[in-house]
Amino acid sequence: MNSSGHKRLVWAFIVAAPVIFVALAALQARIDEHTRSFARSKEELVLRSGAALKKASLGYDALMADIYWTRAVQYFGARSTKRDEQMGLLDPLLDITTTLDPRLVVAYRFGAIFLSEPAPIGAGRPDLGVKLVKKGIAANPNEWQLYSDLAFIYYWHLDDSPNAAATYLAGSKIPNAPEYLGIMAARVSQSGGEIETSLMIWRQIYHSTKNARMQQEAEQQIAGLTAAHDEQILNKLSDDYHRRFGRYPASSQDLVDARILPGIPADPAGLPYVFGSDGKAKLNPSSPVVIPAPKKLLGR
Amino acid sequence: MSTTAVAASSMAPAPPRAVSTIVAVNTFREAVRDRVLYNLIFFALVMIGAAILVGQISIGIERLVIVNLGLSAISIFGLIMAIFIGVGLVYKEIERRTLYTLLAKPVHRWEFLVGKYAGLLLTLVVNTAFMMLGLAAALWYVAGTFQRSDVTILVAVYFILLELALVTALGLFFSCFSSPMLSTLFTLGIYVTGIFCAEIKAFGELSKNPAMEAVTKVIYYLVPNFHNFNAIAAAAYGDPISLTLVWQNTAYAALYVTLILLAAAAVFSNRNLK
Amino acid sequence: MSTPAIEIQGLTKDYPVGFWRKRMRRSLDGLSLEVHDNEIFGFLGPNGAGKTTTLKLLMGLIFPTAGTARVRGRSIDDVAMHREIGYLPEQPYFYDYLTARELLDYCSRFFGFSSQDRRTRIDRFLELVGLVSAADIQLRKFSKGMLQRVGIAQAIIHDPQVVFLDEPMSGLDPVGRREVRDVIFDLKRQGRTVFFSTHILSDAESLCDRVAVLHQGKLQGTGAPGDIVSMETHGMEVLFELRAGAAPPAKLANRAKQTGRRYRLDVPETDLYAALEELKACDARILSVTPLRPSLEDYFFKLVGGEKKPSHALEVAQQ
């Protein structure tokens, strides 16, 4: 079956290949939709034990770690808008990742934020966050950044200033640790000034990472804290106004007219603050900025 | 001896389907006689060991372990068989020259290829069926009962077979022109790529580099996506699998296998045998 | 004249050689020949001449660089042509996990016989090649000679019109070779055509109606064995003994070769009677007078004679 048979087959292949590949791509797209709700994460976590997986990966730990890290990021990206209770799988994913590669510091940092953060943004499990970062510190004792992240969880999510201060202190003793840690140790021990302290923490997080998601989260927190800070100041000015004029300002314009403010203050999104009938400053209703709600700030 | 000089031209031609079947049955017979099916003994030992061990420990997840282990073993054993026999399907016949007398008969080369493929596939199906029985037995031993959700196990096994069908086709294709060692490398390479192609695509997207994104996307849609066929965890947890997905995966495998066999036929039809 | 059994026209095969596979080596060069219906045709040549290449081309195992061929009027491209032919390759190898019976059953299935028909044929052909007692032994236990026999059986089990045999006598003892010769003659008696390649010239001489001689890929000549060699000159060979102590006649002394007591004298036909007179005169005892018809072997050696080296290189490259 030479020339004619062969030519016919080659032509058949040339014609069939693109058709089949297009059909395959279409099928694949449909299959992908299917398996998104197909507990795909479950199938990867069949071997939940990081140690077992480490043995199974036959030495290609780092590669496997990268793969799991990618999945964690992907998974997290897919889940955070879906509010699935399966957010609980973030911890196992990060646990496996860090078992496979204990030096993947970004994984610990990621977990510190998103395991602790309440739903819908995170898993709402600061205890798991603490556990993960402690694991990271054990494997990377000279990584001062992890101390900072651990202290952040204590301070921000668990409202545990003594542990936060102790952690900052321990971190400040690491060679080459910046002064920031020592300063923070002092700040979190004080009461008052929580907003500034929190702003410092989140700014440090923002500048210390290249991970886009973490930066995004830090930005939002900083915006919210800035707004809370602005509200504090505006509330004081509002009280001043009340003392002078016997009523609360209706808007920032009143404060400008009374020369208490040089101009109309805007929130980090550029929208002007509004005042309630009780004289308390509030974010503009149409502002996308969200003020975080840890207990320590509630007294603002 | 009678003169039967005219008998040859008056014979009814054997229909083409039959030729592939003849070759397929013989290929199956070869696998059996090569004691390939003895791997079932190892599988049985593994399952028995696991069942006993898990039964002793009684940690509440016996079903999970047996199903995970059993399906993984079925997949691995099947893969090994598909690859190692697959890459020799055509190569061996050329090397040993058994192909010479075969092609001197009224056999198209493509019929030969289809027959070899079908024969190995048949071997794999039989092998897998026995393994599934072993798995069922082990499951019965540890769990004492079957649940309705165990149907997913059947589906998972079916998906494994689809996966094996694809791997076998790849092995056969390479066998048409390449030595067993190279063919194994190529086939394994494509298989591993196919398992991780979703990650590769994700890497490409994360890189924010449009060229990388495009390349990884092309790879994703070009390479057979073997991860589609992995339903082991679903079987372990008893998640139901929709019929639509079963059809989709079947269609995917069928289309891809057809393409590979077509390519193999095209390549082989022109090959000068040593 | 009816359609020739085999028609080959300008059949050529080039192989790429060299490290980069750029250079071409021509292993078969423009072969053209015809094999008539119902004849035994011998295809001769030293190793590496291109005989096996030709057969592989005809069987469709390799593809020609140029040229065409037809068997029973059908192109070699046509798979249906294979219904009417049988083939025994050189040093055949079969699936060694099958028994002889199973192999013959497998082979005969491709021709659409009923299972009853198959069984009859298998029994008949097993008997024909003398393998009845070994019918249920796995082929991996067969000797070379036994493999050769089962090979012949599978080649003719479907009663093909044209049978192609590549070195059918190889690996057989004299008894086996006699049997194969009988099979070949029988095939001819049944009206079939046999095309076989060999380098055993005595077989070709005794079996073939016609032969073709191939050397270094080129056809050297075709014709009846006698025709080919008759191109050479004739002469006569006289074997004689002398009386004890006597010396050969002066005129013949330098042309007579002595081995022990026997002398051998080659003379042109025209000088025969003169030489015999000389010998009669010295009272020699004539042992035999034989016409010096050069055999195919002589023709062969003359052909191949001074070209041993290139021929060997040919062999190696073709591997």
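1. Let me start with chain C: its secondary structure comes to eleven helices and 14 strands. Helices (H or I, at least four residues) and strands (E, at least two) are DSSP runs, numbered from the N terminus. Please keep in mind that this is a predicted model, in which local features need pLDDT of at least 70, side-chain atom pairs count only at pLDDT 80 or more, and totals for chains, interfaces and linings use all residues. Residues are numbered from 1 along each chain as its sequence is written, while chains are lettered from A and ligands numbered from 1 in the order in which they are written.

2. Next, burial and contact range in chain C. Of its 319 residues, 41% count as buried; a residue is buried if 20 or more other C-beta atoms lie within 10 Å of its own, exposed if 12 or fewer, and partly exposed in between, with C-beta atoms placed from the backbone. Among the contacts in chain C with a separation of 6 or more, 71% are between residues 24 or more positions apart. Two residues are in contact if their C-beta atoms, placed from the backbone, lie within 7 Å.

3. Axes here are lines fitted to C-alpha atoms, for helices over the stretch in contact, and angles run from 0 to 180 degrees between N-to-C directions.

4. Within that sheet, β7 (residues 162-166) and β8 (residues 193-198) of chain C pair in the parallel sense over five bridges. C:Phe164 stands opposite C:Phe195 in β8(C).

5. The axes of α2 (residues 100-109) and α4 (residues 144-156) of chain C come within 9 Å and cross at roughly 25 degrees. α2(C) and α4(C) are therefore roughly parallel to each other; angles under 35 degrees count as roughly parallel, over 145 as roughly antiparallel, 65 to 115 as roughly perpendicular and the rest as oblique. Their crossing is right-handed, and a crossing is left-handed if the near helix is turned anticlockwise from the far one by less than a right angle, and right-handed if clockwise. On the α2(C) side, C:Ala100, C:Leu103, C:Leu104 and C:Cys107 meet C:Val150, C:Ala153 and C:Gln154 in α4(C). These contact residues divide into six nonpolar, one polar and no charged. Ala, Val, Leu, Ile, Met, Phe, Trp, Tyr, Cys and Pro count as nonpolar, Asp, Glu, Lys and Arg as charged, and the others, Gly among them, as polar.

6. How does α2(C) meet α3 (residues 115-128) of chain C? The two axes come within 10 Å and cross at roughly 130 degrees, which makes α2(C) oblique to α3(C). This crossing is right-handed. From α2(C), C:Ala100, C:Arg101, C:Leu104, C:Asp105 and C:Ser108 meet C:Arg118, C:Arg121, C:Ile122, C:Phe125 and C:Leu126 in α3(C). Here the residues divide into five nonpolar, one polar and four charged.

7. α2(C) turns up again where chain C touches chain B. The contact takes 33 residues from chain C and 30 residues from chain B. On the chain C side, β6 (85-88) and α2 each supply at least two residues, and the largest share, three residues, comes from α2(C). That side divides into 19 nonpolar, eight polar and six charged residues.

8. Chain C has another open sheet, of four strands in the order β12-β13-β11-β14, with antiparallel pairing. Its edge strands are β12 (256-259) and β14 (285-291) of chain C, each pairing on one side only. Neighbouring strands are turned by 20 degrees against each other on average, direction ignored. Four bridges join β12(C) to the antiparallel β13 (residues 262-267) of chain C, and C:Thr259 has C:Arg262 in β13(C) as its bridge partner.

9. Finally, a word on chain A. There are 14 helices and two strands in chain A, and buried residues make up 37% of its 300 residues. Of the contacts in chain A between residues at least 6 apart in sequence, 52% join residues at least 24 apart.

Definitions and conventions. Pairing = 2+ DSSP bridges.
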